[in-house]
Amino acid sequence: MKPVLPHAQLDWDDQGRPRSRVFDDVYFSDQSGLDETRYVFLEQNRLAERFAALPAHGRLVIGETGFGTGLNFLCAWQLLEQHAVAGARLHFVSVEKYPLSPADLQRALALWPQLKPLADQLLTHYVAIHQGFQRIVLGNGRVTLTLLIGDALEQLPQLDAQIDAWFLDGFAPAKNPDMWTAELFVELARLAAPGSTISTFTSSGWVRRLLNAAGFKMKRTPGIGHKWEILRGEFLGWPQDVAPPLPDKPWFARPAPLTADRRALVIGAGLAGCATAASLAARGWQVSLLERHAEVAQEASGNPQGVLYLKLSAHGTALSQLIVSGFGYTRRLLETLQRGTDWDDCGVLQLAFNAKEAERQAQLAAAFPEDLVHWLDQPQAEIQAGIGLAHGGLYYPEGGWVHPPALCQAQAAQANIELLKHHEVLELRKVEGQWQALDGERVLASAPVVVLAGAAEIKRFAQSAELPLKRIRGQITRLPQTNESQALRTVVCAEGYVAPARLGEHTLGASFDFNSDDLTPTTAEHLGNLAMLKEISSDLVARLHINGLPPETLEGRAAFRCTSPDYLPIVGPLADREAFAEAYAALSKDARQVPDIACPWLDGLYVNSGHGSRGLITAPLSGELLAAWLDNEPLPLPKSVAEACHPNRFALRTLIRGK
């Protein structure tokens, strides 16, 4: 895949309005874009009354083709605030091939001062918007915006959602015929919820006929301004003469939503647990967060500095898609924390330390847009890093370091979350529809939903003991900053990494030990970390005055990473392993079969684990993924990626291999 044009190419007229250079068309009407949006999209979809009718935990899902300047989105959000009760939510899913750059978006939205409070929130979080699914949470969790960056006919087939109202927007059919196609309208029908509505500013007869053929009942209605007529309609159901979409494979289908009792236990208060608790709490769930230590983020999530490190693939793998989406989500979350002590977007430089790595990096630089990653030769890399380097490498300008405990603390402190410290769960039991967490005979807490987020420790529970999680010990070394080491301006990685100082200390790491179960830091691994530092920069070694330090005086900490065999996290609902093998036994003879048997779920039991050394990038978005499953919302990731992370993948592989 070649890099998309990173951003829309715009011209601005004398009144400051944007026009697309590619499509030679305006983003909104000359008369009044605001009135047109409200009339064509909000009124024709009856959004004011539908927002007013939402119950406290209800939500409306709007889908849109063509995010553009975000004007339709902001108007819908404003209408929600005017008409919906507290606790009601808006989900807005919009596809956009050429997103505006942050500077252009700011300039375009400045035309609408009446939307400024909402536009300012959007602009604050409009960072790290890259190809694929990008989730943005606004209004303290009340509004969820999922941008699908790319071609509509590549992105929408990957969307798992039920859309209540469609905004069919985008440049005029005459200017952008590639979008207004029968294939697109079939996709809108596939995603339409029962009774879904749709509206568009065009009144073209062929657009109306194609939408009717896809199962919408469209009618012309008077237009606004210089538009004589527009179209609006509703979804009647899948047309009889069109082959229906294939149903989900039962082992990846969504479990039936649980009762109205929106309470959950989350076991483990590291990155995965705190993110899961925060995503559920934002949706009005009452969450008990159980942690065996005296504070959150005491194990692998407790390092002083973690790196927003993007190990991508040029081949668009599930892991690479997850990393790009997860990186963007985490990067936007950090905007609410304290820059300099909690995080810093100082950039990340990945050195091409041998020929094989240089070749891999050249492929990546060609496959992704420059604002995500670009190549720096050795002199440029030295200037960027501020220290002497032997190699050039890939530079990620939006990357940086994070103090993971700060992120965990901020998430665990949200409303609707009760943090239960010194609560070590040893057993799980299901009693009368409630999951009980026990530490022996004593019930610590109970709820209809439980999420296991305690890394490899979740293997202690009978229900999740079969998950193939393994622990890998990692040790970091803490080095005092010197006057000379202050020159380091960016995170630099090779086999290990070193970060610019936080509170007077650099973090250096991290070792990989597959065999040790002891978490006492060792001098041998400190020396190993220092050897990695020499590979990164002998200049930095000199600046840190390391050579005179007695190795036994070095300080650091060790923790276990937790990984799966395919290096993807394990996120989603858990099935009963024995019943699963029985229900789908036919797969061991013919892997192409799809037995029409509902998956034997362990109702209400979910997992968020196996994030390895990428937890900062994958765990927060995985919390959103779990919340979307539990609340039957649009998924924040492509369906194929969600399936690639699904706990059932292992039971499925075992069956198919006939083991």
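**View 1. Residues 113-233 of the predicted model.** Over residues 113-233 the chain is 27% helix and 34% strand, and the end C-alpha atoms lie 32 Å apart. Helices (H or I, at least four residues) and strands (E, at least two) are DSSP runs, numbered from the N terminus. UniProt, in an unreviewed entry, places the feature "domain: MnmC-like methyltransferase" at residues 113-233; such annotations may be inferred rather than shown by experiment. The model is predicted: local features need pLDDT of at least 70, and side-chain atom pairs count only at pLDDT 80 or more, while totals for chains, interfaces and linings use all residues. Residues are numbered from 1 along each chain as its sequence is written, and side-chain values use heavy atoms, without hydrogens and water.

**View 2. Helices H1 and H3.** Helix H1 (residues 33-43) packs with helix H3 (residues 71-83) at an angle of about 70 degrees, the axes being 10 Å apart. Axes are lines fitted to C-alpha atoms, for helices over the stretch in contact, and angles run from 0 to 180 degrees between N-to-C directions. H1 is therefore roughly perpendicular to H3 (65 to 115 degrees). In H1, Gly33, Leu34, Thr37, Arg38, Phe41 and Leu42 meet Leu71, Asn72, Cys75, Ala76, Gln78 and Leu79 in H3 (contact means heavy atoms within 4.5 Å).

**View 3. Helix H19 and its surroundings.** In helix H19 (residues 648-656), the buried residues are Asn648, Arg649, Phe650, Ala651, Leu652 and Leu655 (under 20% relative accessible area, 1.4 Å probe, protein chains only). These buried residues pack against strand E30 (570-575), helix H16 (577-583), strand E31 (601-609) and helix H18 (639-644). Just after H19, glycine 658 takes a positive phi of about 70 degrees.

Definitions and conventions:
Buried means under 20% relative accessible area, exposed over 50%, partly exposed in between (1.4 Å probe, protein chains only). Angles under 35 degrees count as roughly parallel, over 145 as roughly antiparallel, 65 to 115 as roughly perpendicular and the rest as oblique.
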